[in-house]
Structure formats: structure tokens, C-alpha cells
Amino acid sequence: VYGDIGTSPLYAIKEVFASAHHPVPITPDNVLGILSLFLWSLLVVVTLKYVAFIMRADNRGEGGIMALMTLALQGGDPNSRRQKALIALGLFGAALFYGDGVITPAISVLSAVEGLEVITPAFNPYIQPITLAILVGLFALQSHGTARVGAYFGPVMVVWFAVLAVLGIAQIAAHPAVLAAVNPLHGAAFLADHPTLGFFSLGAVVLCITGAEALYADMGHFGARPIQFAWAGYVLPALTLNYFGQGALLLANPEAVANPFYLLAPEWARYPLVVLAGVATVIASQAVISGAFSITRQAIQLGYSPRLEVQHTSEQEIGQIYLPAMNWLLLLAVVGLVVGFRTSSNLAAAYGIAVTGTMFITNLLAIAVAVRLWHWSPVRAVLGALPFIVIDLGFFLANSVKIPDGGWFPIVFGLAVFVLLTTWKRGRDLLNRRLAADALPLKPFVASLGTDDIPRTPGTAVFLTPDPERVPHALLHSLKHYKCLHERVVILAVRVFEVPRVPEIDRVEVRNLGQDVWQVVVQYGFMDEPDIPTALASCSGAGLTLESMETSYFLGRETLIPKLGSEMAYWRELVFVALFRNAGSATAFFRIPSNRVV
């Protein structure tokens, strides 16, 4: 949970005072001002906004921007402009999260390995190769799951934060004057005395709060209370002590600005510290990679992404999943970033845009949740969020000046993901509308079976369809070619609701339409694991008992042809057709035995 925000001390202070973009001169007043901004950013943005406020907006225990979006949409008119705007905001926030998921492994591991340069400059040519080797190994291990090594993540991070605190305390004890930075007036005075430089410095100060979204996104794994207690009682004090320790070191030795984190440690401890930092950054990277897998599965369930292969890597933990296609796409992007940007300082420009963009969107969605679900007045909701909006907007604008120097990457990457998500949703809607226009109503069709002399063969046929009220095209084609029907026919539709999980008691709805034709609707939440055979097995209580070896599943398959002058731009049609052709099979996604599928 804290891996991302816990590895920020590796590069945050250095970026303020040694950045290629408007470095802050090292003077006592400037150091105290920056430390004050660091502390109060952690207190206001992370503690007050996320830990105390945003975590109240949980979708049945689940957090994260997709869960927040589904909460904000509740009770609204699906066709209203406001509803469409909220969907667009949520999807773009999710798209920026993917940008964060690419940048975090690159900047975290790179900044950890750069500690070798502090020990000896002879390591300089090997920084990139070592970083790439660690990252490739990390992504290659994803298919094996994190169940075994995950047991060590917590203890390692406990040690990591203890080391952060100890390193900071040693320097603070030697220069206790830095403790004056607890007073927020130092931060305010710095911004007032150096308005231009202070504005630009916010672009680096924001690096201390990267990972705040992870606290909210991981709420479903642990619940809000443990995250809140661990943050306030352990993580926040450790981070504060380390940042203040780095500030004390700079006051005593301005030359330490080359890498203030590693120079906090005595020379004998730097090799072990590099190793520990490397492990901590791998854990931080693992958190965002797992988050990308999770948010992709949610997007698939909610209809914003084509089906992808989902592998389950743990028999005990339902959330332990692996998506091969997403894994290798992330690795390609991460390798490209490391090779293209070369240093953690260059990557910092890209990092801030992704983080501040997501945080700003979270504010707007939270206002909608407060009005619709908590029944706040719009004025109260806007005024309550206004201080956070101003802060996040300030951080975002300060980072926007870095767009030519790398900030363009998360924007371009996010826009590309946003286009893919919205194109898939729009294309599926148009396709379903087209299929529905050509389909027959189900009830008259079932009634006609009683008058027509259609042979019935032994066994059960299950026809999957997006609309349970209409005759599936696969059924009509089957009847046309075979001139018969199975003795039992099941019309099955899958519906995904904007809640994390649907209780087992509500999993299936079963109706007997007569003529041994059954209508079954299987219901899932966006965090549930679809499993059609298991769902059908639970239908026996409603009188529908299926023998697995006597049941065949019929799936329709469409061939799409792009057409000029239709309801979607031609280039988007081409994108949709490409996504459609490369989507994963329904057989694997719904865990249907492949030898029972026609």
C-alpha cells in the first residue's frame, strides 16, 4: 500500500534543489520553506484529503478511481450530459493511472540503482543496464503471482520505514533547527518571497505525495481503518523524519545535493541501503502493476475494454490475477521510458503530470459523490473540495511547464488509453444496437415452438446473448442448419453491475418460459470472477439442473466491416474492429470448458 509514497524520499528532495528545471538555491530559509511545504502537503493532501475524506467514498469497501466513478454515476440519467462528463472524467483518470503505472517502476527502480553512483562513479555506465535487468525480472515474475514473495512485502516495508526514520533522526539530532519547518509560515514565507521560484518548485514538491491514490485504491484489500492507522502512526512520521533529515544534511553540507538520500547514510551502510532501496522500489512497482491488472479487469467487466486473458495466480486470494497482454505492454512502455529518459530527474517531469491529473479528477468525482450519495448541497460540496482543488490545480499548473521536457508523455499516453476505452464502449453499444434491430422477440418465438413440429435432441444447449429478451442469432442459425433444437434450451445473459461484488444469493435469476426453454441472467460486480458453469450449477434450486457432460454452449461470432458515414468516425471504426478481432475469447473469460463450445 505504501510502497509508492514510501520510495519518494529517494528523489523528491533532490528534485527540488538539484533539478534541471528551476533548482531552489540552498539557503536556511529556502530549506525550511521547502520542508514546510513537504510536511503540509503530506498533512493536507494525503492525511486530510485521502485518508480522512476520500476513503469515506467507498463502493461497498472498494476504492480507486473506477470505484469512485461508479459511485458518482449512481442515480443519474445515463443519457444526460452530466453523466457523460462524469464517465469521461473517470475514464481519463483511469487512463492517467496507467501512465502512473508505467512511470512508477521506471523512476523508482532507476532512482534506487542511482545510489551506486554515490558509492563510486565507476558504476555510472551500468545504471541503465542494472535497472533494465531488475525491471525485466520483475515483469517476468508476474505470471507466477506474488502469493509467495508477497508475504515478505509487509516486513520489508516495515524495515524500510524504520531505516528512513533512523537516517533522518541522526541528521536532525545534529541540526535540530530544521524542526522549525513544522511551522507552516515558513512554507508561506518561501512562496511569498519567491513567487516565481516557489511556483516552479511545486512541480517537485508534489513528488512527496505520489502514491496517495494507491492508499485509496488498495482500500478493498485491507479496509480503511488499518490504512489510516498505519499511515498516521508509522508511515507519515517516518517520511517526515527522513525529509527533515535530508534538509538538515543540506544545511550542513550543500554539496550533498547530488544525492541527499544516500548521503544520509554512513559510507559503510550505503551498499546495504542500495539493496534495501532496490527491494522497496520493486515492491512499489509491484503495487502499481497489480493495480493496473485490477483496473483493467474492472474496465473489462464494465464494458470499457475488450476481453483479455486473465490468469489466476493464487488459489486462496481472489484478487491475485495476471494479464499477460497487459504485463508485456507495460514492460515495453517502462523499458522505453528508462532508455528514453535515462535518469530519474528526467522522469520526474513526466511523473508529476500523471499524479496531479489523477488527483484533480478525484476531486471532481468526489463532489458528485457528496451531492448524489451523501445528499450534500452543491454549494457545500464545492466549498468543501475547493481547498483541495486549489492545491491540486497549483501542483498541476507547476508541472505543466515541464510538458516539453517529459510532461507530454503521461498526457499522450493517457489520451491514447482514453481513446481506446471510449472507442470500445461506443463500438459495443452500436454493435449491440445493430444486432438487437435484427433479432426476434423471445417470448413469441418460444410460443411458436408449441405449434411447430421441431425435432428435439437429447441434452442441453446454452446460448449466450447480450439481450435475454431476444432470440440469440446463434440459436436461429443453429435451427436453420440443424433443423432441430436440444430438448432443453437455456438463453443466458451476463450482466455486470456498478458494484464491486454481487452476493451469491443474487448471482442468478432463472425463469421457465415453457417448451423447456429457460431464461437465465447471471449477475456479477466489477470485481467478481466470471464463471458460467459454476453459476449454472446454482440454478438447480430453481428447477434447472444441468449435467455438465450433456451441456453444449453456443456462442455467436460476428465479422465487422468498417463503413464510411456511420455513427462513429471511420478511424475509430478501424480501431474498434482491430480491438474486436484481437479480443480474448468468451470461452476462456467465462471459464467455459472449451470442448463443450460450438
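Predicted model: local features only at pLDDT ≥ 70, side-chain atom pairs only at ≥ 80, totals over all residues.
**Entry 1**

I checked the backbone of Arg342 and read a phi near 70 degrees, a positive value in a residue other than glycine.

I then turned to Arg591, which has a positive phi of about 60 degrees although it is not a glycine. Arg591 lies in the segment after α24 (586–589). With 37% relative accessibility, Arg591 counts as partly exposed.

**Entry 1: The whole chain**

Next I stepped back to the chain as a whole. I noted 24 helices and seven strands. The radius of gyration is 27 Å, close to the 25 Å that the globule rule gives for 598 residues, so the chain is as compact as a globular protein of that length. I also wrote down the span of the C-alpha trace along its principal axes, about 95 × 50 × 45 Å.

How much of the chain counts as buried? I found 52% of the 598 residues. For contacts between residues at least 6 apart in sequence, I saw that 81% join residues at least 24 apart. The accessible surface comes to about 25600 Å², and 63% of that belongs to carbon and sulfur atoms. I noted 37 positive and 39 negative side chains, with the centres of the two sets 7 Å apart.

**Entry 2: A kinked helix and its partner**

I followed helix α18 (residues 378–400) and came to a kink of about 45 degrees at Leu386, shortly before the proline Pro387. Among the buried residues of α18 I listed Ala381, Ala385, Phe388, Ile389 and Asp392. What covers the buried residues of α18 includes α3 (28–53), α10 (195–205) and α17 (344–372).

I picked α10 to look at from its own side. Its buried residues include Gly198, Phe200, Leu202 and Val205. The buried residues of α10 pack against α2 (12–18), α3, α9 (184–193) and α18.

Is Val517 buried or exposed? I found Val517 in strand β6 (residues 517–525). Val517 has a relative accessible area of 2%, under the 20% cut-off, so it is buried. Leaving aside neighbours within four places in sequence, Val517 is in contact with Val446, Leu449, Val489, Ile491, Arg511 and Asn512. I also compared the positions of Val517 and Leu141, which are 376 residues apart along the chain: their C-alpha atoms are separated by 47 Å.

Ser478 was next on my list, and I located it in helix α21 (residues 473–482). Its relative accessibility is 8%, so Ser478 counts as buried. Not counting residues up to four places away in sequence, Ser478 touches Phe463, Lys483, Cys484 and Phe554.

I ended with Ala165, which has its place in helix α8 (residues 147–174). Ala165 counts as buried at 14% relative accessibility. Which residues is Ala165 in contact with, leaving aside its neighbours within four places in sequence? I found Ala238 and Leu241. I also looked up Val235, 70 residues from Ala165 along the chain, and the C-alpha atoms of the two are separated by 9.3 Å.

Definitions and conventions. Residues numbered from 1 in each chain as written. Heavy atoms only, no water. Helix = DSSP H or I, 4+ residues; strand = E, 2+ residues; numbered from the N terminus. Rg over C-alpha atoms; globule rule 2.2 N^0.38 Å. Buried < 20%, exposed > 50% of the residue type's maximum accessible area, 1.4 Å probe, protein only. Contact = heavy atoms within 4.5 Å. Areas by Shrake-Rupley, 256 points an atom, 1.4 Å probe, with all protein chains shown as cover. Lys, Arg positive; Asp, Glu negative; His and termini not counted. Charge placed at Lys NZ, Arg CZ, Asp CG, Glu CD. Bend = angle between axes of the 7 residues up to and from the residue.
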